[in-house]
Protein chains: 2
Amino acid sequence: MSYTAPVKDMLFAIEHLADIAQVAQMPGFEEAGLDTAAAVLEECARFNEGVVAPLNVPGDQNPSSWKDGAVSTTPGFRQAYAQFTEGGWQGLQHPTDFGGQGLPKTIGAACVEMLNSANLSFALCPLLTDGAIEALLTAGSDELKSTYLEKLVSGEWTGTMNLTEPQAGSDLALVRTRADAQPDGTYKLFGTKIFITYGEHDMADNIVHLVLARVAGAPEGVKGISLFVVPKFLVNEDGSLGARNDVHCVSIEHKLGIKASPTAVLQFGDQGGAVGYLVGEENRGLEYMFIMMNAARYAVGVQGIAIAERAYQKAVAYARERVQSRPVDGSVRGSATIIHHPDVRRMLMTMRALTEGCRAMALVAAAAYDAAHHHPDESVRRDNAAFYEFMVPLVKGYSTEMSLEVTSLGVQVHGGMGFIEETGAAQYYRDARILPIYEGTTAIQANDLVGRKTARDGGATARAIAAQIEKTEAQLAASGSEAARATAARLTAARQAFLDVVEFIAGSAKADPNAAYAGSVPYLMLAGNLVAGWQLARALLVAEKLSGQGQDDAFLQAKIATARFYAEHILVRAPGLRDEVVHGAASVMALAPEAF
Amino acid sequence: MSYTAPVKDMLFAIEHLADIAQVAQMPGFEEAGLDTAAAVLEECARFNEGVVAPLNVPGDQNPSSWKDGAVSTTPGFRQAYAQFTEGGWQGLQHPTDFGGQGLPKTIGAACVEMLNSANLSFALCPLLTDGAIEALLTAGSDELKSTYLEKLVSGEWTGTMNLTEPQAGSDLALVRTRADAQPDGTYKLFGTKIFITYGEHDMADNIVHLVLARVAGAPEGVKGISLFVVPKFLVNEDGSLGARNDVHCVSIEHKLGIKASPTAVLQFGDQGGAVGYLVGEENRGLEYMFIMMNAARYAVGVQGIAIAERAYQKAVAYARERVQSRPVDGSVRGSATIIHHPDVRRMLMTMRALTEGCRAMALVAAAAYDAAHHHPDESVRRDNAAFYEFMVPLVKGYSTEMSLEVTSLGVQVHGGMGFIEETGAAQYYRDARILPIYEGTTAIQANDLVGRKTARDGGATARAIAAQIEKTEAQLAASGSEAARATAARLTAARQAFLDVVEFIAGSAKADPNAAYAGSVPYLMLAGNLVAGWQLARALLVAEKLSGQGQDDAFLQAKIATARFYAEHILVRAPGLRDEVVHGAASVMALAPEAF
């Protein structure tokens, strides 16, 4: 088996850290307790391990290809996608009104991780469909909803996000695609969009493009952008497919990784205009797009965790099998499997700790999302919304950056074999490299963290999180075990570093924006590091409490060891990051642009 | 121009940090002063910028290929290699006795960097030849020397290192290739070697393989390994080429990067035995191989600097040209080139500081190598040898690990375009990934640093280096400028962290080897970080002294800004690394192998 879903670790986090029992008390989630989570995860694991994971290497070796405007996906993808839709996996988190299963994100996020571990390229198609569903649910008219949502929720049709243009990437103010209003209330779109994931493919009957464009006379900049639905095939009144719309894939990209997922250049309106339907109101497109973006950003963070998990599993398997050199402690007389060597252990523990830490962070964030949307008490919803909003840039930014470290270590564990493509470790290294870039680069996440999530409320949300962390420190101190004490010390130091940074950022974001934004990415890395380490510290406390009681002792001891490793080897990066932000801003901008 | 050699920065380091004037006072180097360095570097830059660099992308797109035992290199490589040999570049650092130019490593290392920046894949061929020359110079008989050295020094023939076998990578004790003594004093070799860089190619008339093998009856393990010369074509008494030897390339690897360099599987003895000539004495092969390895390790470190430099140049060019978003400080009203954005600046400064820091470290190490071999005073030679030996794992380990960070940032600066292969940033990311693996992984370098370089002398060399660093701190304090004070503070903290680690490692290497080796890589990263930062701190002092006097003020101010950035953003990682080593050893090995 090339991938074994970490169901036990996921359920541990879902039960003890994300507190699924609380989620199951919220209206609409009455059936979504731990038993449901376990059943769904087991079924999801079976599907992804058996059907999707085996297509990961073939997808890399025989990527999607373009011919005469049509894109053929890797052999096997069509069939696997059909099984995906038949299993109802696309609708897992979507409303039952449109055929979904209405499960909480706390469960759905674990399923998203499995799908991405199994096959990052394959998983991107459903990921984009999720975003389209979110946008239509929030801002679509009843007509748009009734025309598109059921087909998207079932996965029969897939969705895309059309933001980027050659001159407009992070900067959407520069979008030029034009939408001309027609007398019948529709629009005709003209322009070129690039980097459109699954912008064209052969896995579904129709593709529902969500497209940013400008209506004539709209204000300049981001306030003049509207959002449109542009289906590949127009939809007749009876729901059947009609004429081919004037949107065409003129090429796909030759990429470093995720090669099986077609990245399309789409041309709108070369033959008279692509028919588009306005989503919500004119000029509010960016706002709607952010709904998709926020869902997608969280999901891309989960992609980081997913690829890290798979890289970790592969590295462990190799380290268990490869025989090389005697252990330095003399514990084996001859050559031993390399898992006996301290530096191999350090690498594997780093991979494991980062992956489990980010997973715990993501699942706790998912529970906050569920509470923010479903809790009956408004103030609880508000607090959870603030917490979740703060987590989105951390889940996206930190988990994807950590996936670079983990997949790189995955190659390193393999030694020379890691550099040989057939081994497979290199694919994860290549695939992961897009994650800190798309759906908003790490710098864009960090800007969000600095501006909207920290400076705007003067650091209040950040300090509230720090206060929660302080409570965990007190619990660790009360435990008194060596592991708990070691963890508490690093957590305290990291939290204090975080607070120093929050104060600096909140104080300087307006007064000296260059200084605040010079430290934005180190701030994000510190915050993500801290929150992931905090969740592992909570896991350590739970594991200590449970251990000795049941048959899961090996798992619980491993959780304690992993949490302590994270504290001693990863949380310790926090003070250095603080120093960079608080005492290093001036040197970032000291060199004049022409001096580089 | 896709690459511009950083001649000015190299000469600055050669003059002020490596102190070429001192080198030029040593016997044999009388002509090798700053003027010679400048002339050689200018000529070298012209050749590499004009001839070698343009082949870098073609080499990636159209790699070496294998057919029926023959390897065809990328079109253009043959011709460029001919120009390389005609220019005498292979012999730059080799003895004039065999046709070389006998220049110091202090100059040669800069030339090696340029060749590798221009084309990592191409440069590997001369790099391996250098190693073969070193081994023959040190241990070869007069006959071997007279048969092979001139042809190798001219570059007419190329060299290889045949260490690895499928079961023997880092662990050479497991080498199985067999050498049977023949009545005429030659040997016949039988076995399979893998990962042989330029093990077969079409750029030279003959290939001189240096091969590790076991003579029948030799002791087990590394003490039974001998070194042999196995030429692709036997050499007649008159020096002309004779029969094809029984060594054949049965395949080449499909790799993540450095695709143009053929990585061969070589089969020895399928047709009766490959004729081999013993180098030195039987069973001392590993010792001789380490001569090649040490030269090659330093050179691979320089490869890290080289690829980092090229990635940096590409990222700067893109950041100067790509227009996206308004600067946060409002300094430009509309969208600006992205070099105006703080986080892009942070990334570029990180790339620049790491590259310049490692370059300075490598050139200072080169000067120590020259003094260790050429200084008339034996105690000076001994001190410099100890310093150089300490530097080799740092130059190799730290510079190659940093090249992963720099090439990854290079992709990130390009945003989505970085992930598109045609952009070229991804090639550096792929190419660099082999550097911390071959010629001894980072863990192998770190073992060397812990065992032979630190524990063996009880930390004496390490402490002597720290004492030198302390003097630089005093000079920075005396300067009193803001940049000097900021740098001094971080340098002091990093040095103290280093000393804490040295004490821990020296104390535990024997008593608790798992604990010492668990921290080996963090120790190496700390030591490399410190020494590179120290050299930039020295550069800052020189730049402050010289500034205001000549026309190089922009360069000198940039050096000061870069040194300060390094201190404030990179040296600050040192205390966290110390904590990992000194207070985190137990958690590295806490998880049992079966619990992963």
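## A network of charged side chains

In chain A, a network of salt bridges links A:Asp9, A:Glu113, A:Glu309, A:Arg352, A:Glu356, A:Arg359 and A:Lys559. A salt bridge here is a side-chain nitrogen of Lys or Arg within 4 Å of a carboxyl oxygen of Asp or Glu. Side chains of opposite charge can pair when their charged atoms come close. Over all chains, the structure holds 56 salt bridges.

One of the pairs to look at is A:Glu113 with A:Arg359, whose side chains meet in a salt bridge at 2.7 Å, N to O. A:Glu113 sits in helix α6 (residues 105-118) of chain A and A:Arg359 in helix α10 of chain A, so the pair ties together parts that are 246 residues apart in sequence. Helices (H or I, at least four residues) and strands (E, at least two) are DSSP runs, numbered from the N terminus. A:Glu113 counts as buried at 3% relative accessibility, and A:Arg359 counts as buried at 1%. Buried means under 20% relative accessible area, exposed over 50%, and partly exposed in between (1.4 Å probe, protein chains only).

## How to read the model

This is a predicted model, in which local features need pLDDT of at least 70 and side-chain atom pairs count only at pLDDT 80 or more, while totals for chains, interfaces and linings use all residues. Residues are numbered from 1 along each chain as its sequence is written, chains are lettered from A and ligands numbered from 1 in the order in which they are written, and side-chain values use heavy atoms, with hydrogens and water left out.

## Where the two chains meet

Chain A and chain B each bring 87 residues to the contact, where contact means heavy atoms within 4.5 Å. The area buried between them is about 7500 Å², and carbon and sulfur atoms give 61% of it. Buried area is the accessible area (1.4 Å probe) that two parts lose on being put together, summed over both.

Between chain A and chain B the count is 0 salt bridges, but there are 46 residue pairs in polar contact (both at pLDDT 80 or more). Helix α10 (residues 342-374) of chain A gives the most to the side of chain A that touches chain B, with 7 residues. A polar contact is a pair of N or O atoms within 3.5 Å; within protein, one must be able to donate a hydrogen and the other to accept it, and residues adjacent in sequence count only if both atoms are side-chain atoms.

## Pairs to find in chain B

B:Lys193 forms a salt bridge with B:Glu165, with the closest N and O atoms 2.9 Å apart. B:Lys193 belongs to strand β5 (residues 187-197) of chain B and B:Glu165 to the loop between β3 (157-162) and β4 (178-181) of chain B, so the pair ties together parts that are 28 residues apart in sequence. Both B:Lys193 and B:Glu165 are buried.

Next, B:Arg578 forms a salt bridge with B:Asp500, and their closest N and O atoms are 2.7 Å apart. B:Arg578 counts as buried at 17% relative accessibility, whereas B:Asp500, at 33%, counts as partly exposed.

## A buried glutamine

B:Gln267 lies in strand β11 (residues 263-268) of chain B and is buried, with a relative accessible area of 17%. Its side chain makes a polar contact with the side chain of B:Thr192 (3.1 Å). Leaving aside neighbours within four places in sequence, the residues in contact with B:Gln267 include B:Gly191, B:Asp246 and B:His248.
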